[in-house]
Amino acid sequence: MNYRQPAVECVQLSKTFAEVQALRSFNLQVEQGEILSLIGPSGCGKTTLLRLIAGFDCPQAGEIRLQGKTVVSDESFVPPEKRGVGMVFQDYALFPHLNIGANIAFGLDRLSKGQRTARSAEMLDMVGLAGYEKRLPHELSGGERQRVALARALAPAPIVLLMDEPFSNLDADRRMQMRSEVRHILKRTGTTCIFVTHDQEEALFMGDRLAVLNQGQLEQVGTPEQVFQEPSSQFVAEFMGQTDFVQGIITPAGVATEIGLLNQPVSLSPGSLVEVAVRADDVLFQVDPAGNAHVEERQYRGATSLYTLRLPSGRIVHSLQAHTHHISPGSRVQVLAEPGHALAYFPTQNQPAPEARTVRL
């Protein structure tokens, strides 16, 4: 049986700045060749984790192992330059006085001059910038500089590549193009990568797996589909995608809500209250003078419109509709949940069985 060591192992990591605990008993494994998207609200510990793995900071407790080798523990600390870690920053961090070839060759001191030149040319060709060796950073566009930063980070063949908000300085169209190109390059080279972003769509696209952080701890780790469609906590359900919650009550026939009966037996006692997570693509509505809601707002988004609907309870749900579906604010409508897939639900506080369940419609 062949066993490959994980590329990265974080074991019981803790890190505190002043009185802020950035990471708390944090555990994570990243497999070789895997792209892990790391996402969470500001201040949740994402960048702190990258800095600990890179060796720019030291944890108060815990261990980090790279391909089975301990790089930090209570007894040892391997300096950043000896860890085999690559890093791509959002500001590119290129040397402005060096040409592109020299920028890429900067970390290749173990190679001869000829080998460094050849490796630079190889990496530039890989990122689609063949022949750019003599140019200076200021002569390149933002997207081109980001490609150079990626080429420089990959040139030493790192154990793991850490990317911290690498596309945040790019405009929307260029950002979408770059994320596709970079993912293709990472998979083609088999590079292990931890990719930090605030952009949920970007995290879902880039990651083979996705890890959601909250207040220095992992809320959930799984495939993008698992995390988005089967959130393990109400925090994850709310954070991943624009999620609304409607209250439901368990009945012998299923879960009764103010947007319809979810006709599916559940493993909670009748009378139990639950919060059902619904997203804008789960909700349908039509004009009805005797309906159960009214339209508060319509946001035109080009191909689609996002409607804000207020229910009798005062709660808000959203509905995503084609741009041809034009209902004026103030209209009375009938709202119905028709997602066509499983919805996560969560018992309300102070009730038994506080884990996430699944309601199938």
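Two strands pair if DSSP finds at least two bridges between them. Helices (H or I, at least four residues) and strands (E, at least two) are DSSP runs, numbered from the N terminus.

Welcome to the tour. This is a predicted model, in which local features need pLDDT of at least 70 and side-chain atom pairs count only at pLDDT 80 or more, while totals for chains, interfaces and linings use all residues. Residues are numbered from 1 along each chain as its sequence is written, and side-chain values use heavy atoms, with hydrogens and water left out.

**First stop: S17**

Select residues 304–310, which are strand S17. Five of the seven residues here are buried (under 20% relative accessible area, with exposed over 50% and partly exposed in between; 1.4 Å probe, protein chains only).

Click on Tyr307 to find its bridge partner, Ser319 in S18. Five residues lie between the two strands of this hairpin, and Gly314 in the turn has a positive phi of about 95 degrees.

Next, show residues 293–300, strand S16, which is antiparallel to S17 over six bridges. Here Val295 has Leu309 of S17 as its bridge partner.

**Second stop: S8**

Move to residues 193–196, strand S8, where Cys193 and Phe195 point one way, Ile194 and Val196 the other, and all are buried.
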